[in-house]
Amino acid sequence: MSIKRKIIISSGLLLVTLAVWILVLIPKTGQILETIFLDVGQGDSILIKTPQNQSILIDGGPNNKVLEKLGKYIFSLPKKIDVVILTHPHADHVTGLIEVLKRYNVGLIVINGVYLKTDNYNQFLNAAKNNGAKVLIAEAGEAIHFGKDLEFDIIAAPGAGATNDNNANETSIVGKLIYKDFSIMFMGDAPAKIENKIMAYGEGLKSDILKIGHHGSKYSSFMNFLSAVAPKAGIIEVAEKNIYNLPSPAALSRFAMSGINIFETGKKGDIKILSDGFTASIFTEH
Ligand SMILES: [Zn+2]
């Protein structure tokens, strides 16, 4: 017997206040995966809360706005985050993590293993050392398991080495979060070169939700890759007004041609996806 996958897309429901959230959180199975794409300005930061109450933070955004967001969504005392993943060392992903590592007990920090010589990244590495968390260099093909039904598969990682500002995007950790029959692909800032490289995963790329690569720039999200992932919705982490004019019209037209519903943090605020492993709902702040 197979269970059909169904996704319900709804927006603007956050306006209906906390009561609705609580109702939504009373699941039939008691097992809800919560993924929140945080509106932190021009950068990436995503918080995942697992059905077993573990927390995963992917990137920390360009500033300390992430602290305010975490205060809103993480209630454990002492403050803890089980796993922090830094996709790559660019400032719009790493900066917020510096203060997060100073304030939260972290179990495991996953990095791409590529050194970028910047003040921000050096500060992050120092904060990681002082935090006392275990540090793991991601390797493609590895998976981090969170109980028997939830895992984070590492689809792409560069291996240890050095990088520079120009090619750091292509060192992004690409990962797929799989919860039963539901999945989200996280691209970091990976460009088309990496998309092409991971096309070898074939059917394994298929995901319900795609965290769009590189804030919707024209250098990512090529048609062949979008049709391989075939997501029902795409999330772009981007500031509403940004000097890069992201998301780019070229990428937006590819999403439209691929029939992918796009949600932008800059327009929608925090974007929350709840899933019981078979269905999912998207809620937006605005
Ligand atoms: Zn970025």
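A: The crossing of helices H3 and H4 is left-handed. That means the near helix is turned anticlockwise from the far one by less than a right angle; clockwise would be right-handed. The model is predicted: local features need pLDDT of at least 70, side-chain atom pairs count only at pLDDT 80 or more, and totals for chains, interfaces and linings use all residues. Residues are numbered from 1 along each chain as its sequence is written. Helices (H or I, at least four residues) and strands (E, at least two) are DSSP runs, numbered from the N terminus.

H3 covers residues 91-103 and H4 covers residues 119-131. They pack at an angle of about 30°, and their axes are 9 Å apart. That makes H3 roughly parallel to H4. Angles under 35 degrees count as roughly parallel, over 145 as roughly antiparallel, 65 to 115 as roughly perpendicular and the rest as oblique. The axes are lines fitted to C-alpha atoms, for helices over the stretch in contact, and angles run from 0 to 180 degrees between N-to-C directions.

Which residues meet? From H3 come Ala91, Val94, Thr95, Leu97, Ile98, Leu101 and Lys102. H4 brings Asn120, Tyr121, Gln123, Phe124, Ala127, Ala128 and Asn131. Contact means C-beta atoms, placed from the backbone, within 7 Å. Nine of the residues in this contact are nonpolar, four are polar and one is charged. Here Ala, Val, Leu, Ile, Met, Phe, Trp, Tyr, Cys and Pro count as nonpolar, Asp, Glu, Lys and Arg as charged, and the others, Gly among them, as polar.

Gly96 also sits in H3. Gly96 counts as buried because it has 29 C-beta neighbours inside 10 Å. The cut-offs are 20 or more other C-beta atoms within 10 Å for buried, 12 or fewer for exposed, and in between for partly exposed. Gly61 is 35 residues away along the chain, yet its C-alpha atom is 5.2 Å from that of Gly96. Beyond its neighbours within four places in sequence, Gly96 is in contact with residues including Val40, Ser45, Gly60, Lys65 and Val66.

Terms used
Contact = placed C-beta atoms within 7 Å.
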